[in-house]
Amino acid sequence: MALLKSRAYFYGKESEVDKLLLPIIMICVCALLGGGTLIFLKLSAKHKKSKNKDKEELAQITANEFVNVKDIRGNFLYTRDNLALAYLKIYPISTELFSKNEKRLIAKQLTVSLSSAQYPFQLLAVSRPVDISPLLSELSATLTSSSDVKQKELLKQEIVEMGSFALSGEVVERQFYIKIWDRVSDGVERDLLQKLKLLGGYFSDSGIQTEILEQQDIVRLCNLVNNPAYVHLEDSRINAAIPILESVGVV
């Protein structure tokens, strides 16, 4: 009987100890889980910050490599990879008043002339806002000298409309350039200018004016191409179509 009582007392003490250990174990487990979660969140935030920083540095490096301009002097742009570039501006012509035969003749003549250029060149087409200040000045002068009330009213409406176009930057024009390049060496500038003059002669024979860009003009062109704040948006919707070369009879 005494043995049974001692055993019952022992088991009772053991159950009490178990009851006390269970909360302690639960508290320790919760503390470990909370600490682990906190450490994981800190490491995750640190890793994310480091990853974003690496992306920003990579974007900056990529932008610097994309511009790739070392110097601009005279008629030439020099790149960091040891190239000299020169540019020829092509003034556009209105082909709306030309007949189909005249258009075909100009295209054929330019194709034959440019095919003789046995060196690489690139055609650039960029958009820039149109300078309508001369038109506004002319409208203002007409408004001042006019004595017709109806004409003045129409001129005022036209000036307001043109002013809104100028502020919005929706009035853009396409400008075309030809770019040629070569490795920097003795006499490369002279060779590039000679090539540009030959190209300008090809366009001049077809009645198209050209101009070799100077230093300031090259800077403006770089701003048009590389500076997003300098570029105005325009409608770029196009329709899918298959080009047809009518002059050579391709169907």
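How many contacts beyond four places in sequence does the model have for residues 232-236?

**View 1. Residues 232-236 in the predicted model.** The structure shown is a predicted model. For residues 232-236, seven contacts beyond four places in sequence are present in the model. The pLDDT of this stretch stays under 50.

**View 2. Confidence across the protein, from helix α1 to strand β3.** The average pLDDT of the protein is 75, and 66% of the residues score at least 70. Helix α1, spanning residues 2-67, has the lowest confidence, with a mean of 61. Strand β3, spanning residues 83-90, has the highest, at 93. Within residues 2-11 the pLDDT is below 50, and this stretch has zero contacts in the model beyond near neighbours in sequence.

**View 3. The hairpin of strands β1 and β2.** Strand β1 (residues 69-73) and strand β2 (residues 76-79) run antiparallel and are joined by four bridges. Val69 has Thr79 of β2 as its bridge partner. Two residues lie between the strands of this hairpin, and Gly74 in the turn has a positive phi of about 60 degrees.

**View 4. The crossing of helices α2 and α5.** The axes of helix α2 (residues 100-115) and helix α5 (residues 188-205) come within 9 Å and cross at roughly 165 degrees. The two helices, α2 and α5, are therefore roughly antiparallel to each other. Their crossing is right-handed.

**View 5. Residues in the contact of α2 with α5.** Helix α2 contributes Gln109, Leu110, Ser113 and Leu114 to the contact. From helix α5 come Leu199, Tyr202, Phe203 and Asp205.

Note on methods: Residues are numbered from 1 along each chain as its sequence is written. This is a predicted model: local features need pLDDT of at least 70, side-chain atom pairs count only at pLDDT 80 or more; totals for chains, interfaces and linings use all residues. Side-chain values use heavy atoms; hydrogens and water are left out. Axes are lines fitted to C-alpha atoms, for helices over the stretch in contact, and angles run from 0 to 180 degrees between N-to-C directions. Angles under 35 degrees count as roughly parallel, over 145 as roughly antiparallel, 65 to 115 as roughly perpendicular and the rest as oblique. A crossing is left-handed if the near helix is turned anticlockwise from the far one by less than a right angle, and right-handed if clockwise. Contact means heavy atoms within 4.5 Å. pLDDT is the predictor's confidence in each residue, from 0 to 100. Two strands pair if DSSP finds at least two bridges between them.
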